[in-house]
Amino acid sequence: MRVSPVRASRILAKLGRIFSVPEDPEVRTTGAPDARPVLTPEEFQQELAYLGLSAVEFRPGAYRKALEPILEIRITARVFPEHLKPGLARAMAREGRVALVSYDKEEKAATILVPGSLPPLARLLALNHELAHLASGDLGTPRRLAKHPSLPHGPKCDPDEKPCPPECPREQEAELRAYYMTVAGTLGPLNPYAERMFDTL
Amino acid sequence: MSTVGYQQLPFGLSVGLVFLLIAFYVAILSATEKRGTRFGGLMAAAFVLLSLGSLVLSFFPILSWRIEVVVLLVSDAVLILLISWVCLAQAGRLPRRRGQRAQSLEEVARRPRLRTILSAAPVVMFGCWLSYGTLLLIFPAPALDATAQAPPHFLLAAFIAALPEAFFSGLAAWLYLRASGRRTPTRTLRLKNLFYSGGTFSWFAVVLIVFASMNAQVTLPDDAREAVVNGLLVAEEIFTLTSLLSFALGLTLRYVPAVSEAVVGRVYPALLRLQDRLDTLRWQRVSGGTERRLIKASYYASDAAELLGFGEEDLRRCLTTLQIAAIMAGHPDQARQSASDGITPEMARELHRLQARLLREEALASRLRWPTDLAEDQDYAAEETVGPLHDAVEAALTLTSRTEPDQVDERFVDSLWYGLAVAAAPDAGVIPAGRPDGEPTNLAGRRARRAYHDAKESARQMAVG
C-alpha cells in the first residue's frame, strides 16, 4: 500500500507524540482560558538552533536576517535619530511606546521603528520585542517560527489605540522572548541552555 | 545482539565478567547519579543482565530451538532498548532529572524531521522485533548456535531485525559525530559526544556482524561457516566491549557550565526587566518633555561637565543619577505618579543588587554590554556596560536617602560627577528647592558646584542677550 509523504509524515508525527514528554503539572501558564505553557528558555534555544544562531553571539540584525526566510517576509528595522523626527519621538514617549511595528500583507514586508534616543539596552530590548512578535506570528505573517500558536490579547487591550498593559498574555510572551534573545545573543557559547543541547545523556 | 559469544567462554571467565560488570555498574551509577538521564544505570544493568544470561547458558544448555529464539529475543530487546533510549534522548523526548526540561541535540533542532524519525525509533524497532519474533517462534531456527545450519526463512528474520537497528544506531552515531564538531561550545562536550559516537557506532557494527553471522548460517557450507562465524564472534565481542568502554568514558566525563542556569534563567532576565523599566521611564520623562526642571538641570550639568573637563562616561553617570533620582523622588509637575508609573527605592535597590550579583560572575561580567549603535554592518565599536549604571543607581539611592555628607560612599566623595549631580539635584527637583544644604566640604564637591553655577549663569545671560 503506497502512503503519500505527507500522510507518512503525519503518521510519524502522531507516533512521535506518543513518546513526548508529559507536561510538567507545575509549569507556568498564561492564566487565560485554554492556557498553554509560556515559552521556556529550552524551547527558545530550540528555535535559535533552527535559525542557526544557537551557541553564537548575535545582534538583532542577524536574528532578523535568519527570521526572514522562515516567515517568508521582508523585515526592515530602522533606528531613527531623534533630531530628524523630534515630533515622532516625543509622541511615542508620551504614549509610552518604545517601538512601532507594522506589517503589510500585500508587500509581505514588516517595518520596525525604534527611536535612537532610547538608552542602549532599552533600544535593544524594544527591537527584540518587536522581532519576538513577528517570530510568534502575532502580526499575521504567512508563517511563524514559534511552535505554538499566537496568544490572544488580554481583555483590557486595545492595540490600535494604546500600548497593551503588562498583563496582556501576548505582550508577556513577547517580553519573555525578547529577554531570552538578549541573554542568548550576549552570552553566545557560554549560554548553558545552548551547551545542554550538546549533552543529551 | 547474540549471546553466542558468551556461551563459548570458559566458565571462570564468565564469572569474572559478571563481577567486573557489577563493579562497573556500581561505578557508573555513582559517577552518573547527577547526570541528566538514567542512561548510565540502564546500560550497566543491560550488560549485567547479558552476562548473567551467558553464565546461566554455560550451566544449562538449551535443548530446543524455540527456547533459543526466546533467548535471542530477550537479548535483542535489550539492544533495542539501548538504541531507543539514545534516539529519544537525541530527540529531546526523555525526561531529565533535577527538574530540567529535555532538549534535543542541536543538529536535531535544526532539522525538525529528524526529531520525528528519532521519536519513532522504539515503535519501528519493537514492531520489527515482534514481526521476526513471531516468525521464528512459529518456524523456529537455531538462533543461538551460530555454527548450525539454519533454514532459509532465518535470513528474512535476520533482515527484519537488522535493518531498523542498523539504521537507527547508524543515525545516532552520525548525529553524535556531528555534535563533536566545531559548533560544540567546549572541548569536554566535544569529547563526550565523540565517545558516544564511538559507542553507538559499535552497536551499528554489532548489528551488522550478527546479520552477517545469521547470513552465514543460511548460505555457507559447514566448513566455511565455522571459520567465518568464529571470526565474526570475536569481532562482535570486541565491538561490544568497545561500546561499553566508550559510553562509560563519555558518561563519566564531567563538564560544569561557565554560567549557571539559575543566573541565566532568572537573575539576568530579572535585571533586564528592571533596567529596561528604568531606562524606558528615563527616556519617557526626558524625551516626552514633561520633566522640564530635570531637562534644564541636565543642560546646565552638561555645560558644567565641559568646564570641568570630565569624559563621556562620567557625564552619563551624572545625568543618569539625576534622572533616576528624579523618577524615584517624584516630581510636582507629574499629573499621575503611582508605583506602576515609576521606580520605587526598593526596585532601585533590587536592581543594584542584581547588577552586583551579575558583576560577580567572572564569565558573565565581561559580556554585560549592549551596543550603542544598532547599525548592522558595524562591529561592537561602541557599547554601554553595566558599570556606569550600577554607579548611577547607587548614587541616586544615596541622593534620595538624604545621606549626610560624611556618610556618603568614599567612591563618590571625590568624584566630580557625583558632586555635579548633587549640585544639580535641587534644580532637578530631587531635593526640594530652598532646603539649606550648605557648601560641600570636599574639594570635588566645591569645584562641581562652582562649575554648575557658572554654567547656569552663562546660560541665563545668553537667554537674556
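**View 1. Helices α13(B) and α18(B) make a right-handed crossing in this predicted model.** Helix α13 of chain B covers residues 312-329, and helix α18 of chain B covers residues 416-424. Their axes come within 9 Å and cross at roughly 35°.

**View 2. Side by side, α13(B) and α18(B) meet through a set of named residues.** From α13(B) the contact includes B:Asp314, B:Arg317, B:Cys318, B:Thr321 and B:Leu322. On the α18(B) side are B:Trp417, B:Leu420, B:Ala421 and B:Ala424.

**View 3. An open sheet of 3 strands in chain A has the order β1-β3-β2.** The pairing within this sheet is mixed. At the edges are β1 (74-80) and β2 (100-104) of chain A, each of which pairs on one side only. From one strand to the next, the twist averages 15°.

**View 4. Strands β2(A) and β3(A) run antiparallel.** A:Leu100 has A:Leu113 in β3(A) as its bridge partner.

**View 5. Helix α5 of chain A lies across β1, β2 and β3 of chain A.** This helix is formed by residues 120-136. Relative to β3(A), helix α5 of chain A runs at about 160°.

Terms used:
Residues are numbered from 1 along each chain as its sequence is written. Chains are lettered from A and ligands numbered from 1 in the order in which they are written. This is a predicted model: local features need pLDDT of at least 70, side-chain atom pairs count only at pLDDT 80 or more; totals for chains, interfaces and linings use all residues. Side-chain values use heavy atoms; hydrogens and water are left out. Two strands pair if DSSP finds at least two bridges between them. Helices (H or I, at least four residues) and strands (E, at least two) are DSSP runs, numbered from the N terminus. Axes are lines fitted to C-alpha atoms, for helices over the stretch in contact, and angles run from 0 to 180 degrees between N-to-C directions. Contact means heavy atoms within 4.5 Å. A crossing is left-handed if the near helix is turned anticlockwise from the far one by less than a right angle, and right-handed if clockwise.
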